[in-house]
Amino acid sequence: VIQPADMKPIEAMVVKSLIVRPGQGASVKQGSQMIQGVAWTGEGKILKVEISTDNGRTWNDAQLVGQDIPYAWRQWRFSWPVKESGLYTVLSRATDDRGHTQPMTSSWNPGGFLWNGVDRVQVEVNA
């Protein structure tokens, strides 16, 4: 049971990104695949979103899309040149202009609002 003392007021949103496409468990073909998503932060601006297709060993910059509007989601996309079939874990992480980057994992918090661990989806690539 969550006690009132466990709850803390949220004063600002934490930096976060989400992968929208492909979805969890998607099956795609080899070749160029578009990874798309959104990112946001509290009072700052999203500076970059990075994508990993090798479970976090290496990271590549995604392209920020559209206008940068305060307090709004920032869309991003990444063209993934898939050369080999198999099961992949795709990760996304955002960094804002205050130097905050999504952590690989985040601590549990009672309301869940401060969860901002790196987003991840598993994708199966077929020949």
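Residues are classed by relative accessible area as buried (under 20%), exposed (over 50%) or partly exposed (in between), with a 1.4 Å probe and protein chains only. The structure is a predicted model, in which local features need pLDDT of at least 70 and side-chain atom pairs count only at pLDDT 80 or more, while totals for chains, interfaces and linings use all residues. Residues are numbered from 1 along each chain as its sequence is written, and side-chain values use heavy atoms, with hydrogens and water left out.

Strands are DSSP runs of E of at least two residues, numbered from the N terminus, and two strands are taken to pair if DSSP finds at least two bridges between them. Strands of a sheet pair through backbone hydrogen bonds, either parallel or antiparallel. An open sheet of five strands has the order 2-9-8-4-5, with mixed pairing. Its edges are strand 2 (26–29) and strand 5 (60–61), each of which pairs on one side only. Strand 5 is joined to strand 4 by two bridges in the antiparallel sense.

E50 belongs to strand 4, which spans residues 46–52, and stands opposite D61 in strand 5. With a relative accessibility of 9%, E50 counts as buried. Contacts (heavy atoms within 4.5 Å) of E50, leaving aside neighbours within four places in sequence, are made with W59, N60, D61, A62, L91, S92, R93 and T95. Two of these contact residues, W59 and R93, also form a charge–ring arrangement: R93 lies over the face of W59, at 3.8 Å from the ring centre. The criterion is that NZ of Lys or CZ of Arg is within 6 Å of the ring centre and within 35 degrees of the ring normal.

Antiparallel pairing is also found between strand 1 and strand 3, which are joined by five bridges; here S17 stands opposite A39 in strand 3. V65 lies in strand 6 and is partly exposed, with a relative accessible area of 23%. The C-alpha atoms of V65 and Q36 are 9.9 Å apart, at a sequence separation of 29 residues.

Aromatic pairs were defined for rings of Phe, Tyr and Trp (its six-membered ring) with centres within 6.5 Å; planes under 30 degrees apart count as stacked, over 60 as edge-to-face and the rest as tilted. The search of the whole structure gives two such pairs. W40 and W73 are stacked, with a centre-to-centre distance of 5.8 Å and 25 degrees between the planes. Because W40 lies in strand 3 (residues 31–40) and W73 in the loop between strand 6 (63–65) and strand 7 (74–82), this pair ties together parts that are 33 residues apart in sequence. W40 is buried at 15% relative accessibility, whereas W73 is exposed at 59%. The pair of W80 and Y88 is edge-to-face, because the ring centres are 5.2 Å apart and the planes stand at 80 degrees. W80 is buried at 5% relative accessibility, and Y88 is buried at 19%.

Most residues other than glycine have a negative phi, and most peptide bonds are trans. N55, in the loop between strand 4 and strand 5, has a positive phi near 60 degrees and is partly exposed at 43% relative accessibility. Y71 has a positive phi of about 65 degrees although it is not a glycine. Y71 is placed in the loop between strand 6 and strand 7 and is exposed, with a relative accessible area of 65%. The peptide bond between R21 and P22 is cis, with omega about -5 degrees; P22 lies in the loop between strand 1 (16–21) and strand 2.

Grid points are joined across faces, edges and corners, and a volume is the space filled by probe spheres set on the points. One cavity of 30 Å³ or more is counted, and the largest cavity holds about 90 Å³ of space. Its lining includes W40, Y71 and R74, along with residues such as G42, K45 and D68.

Key:
Helices (H or I, at least four residues) and strands (E, at least two) are DSSP runs, numbered from the N terminus. On a 1 Å grid over the protein atoms alone, a cavity is a set of points where a 1.4 Å probe fits but cannot get out, and a pocket is an open set with protein on both sides within 12 Å along at least five of seven lines; lining residues have an atom within 4 Å of a point.
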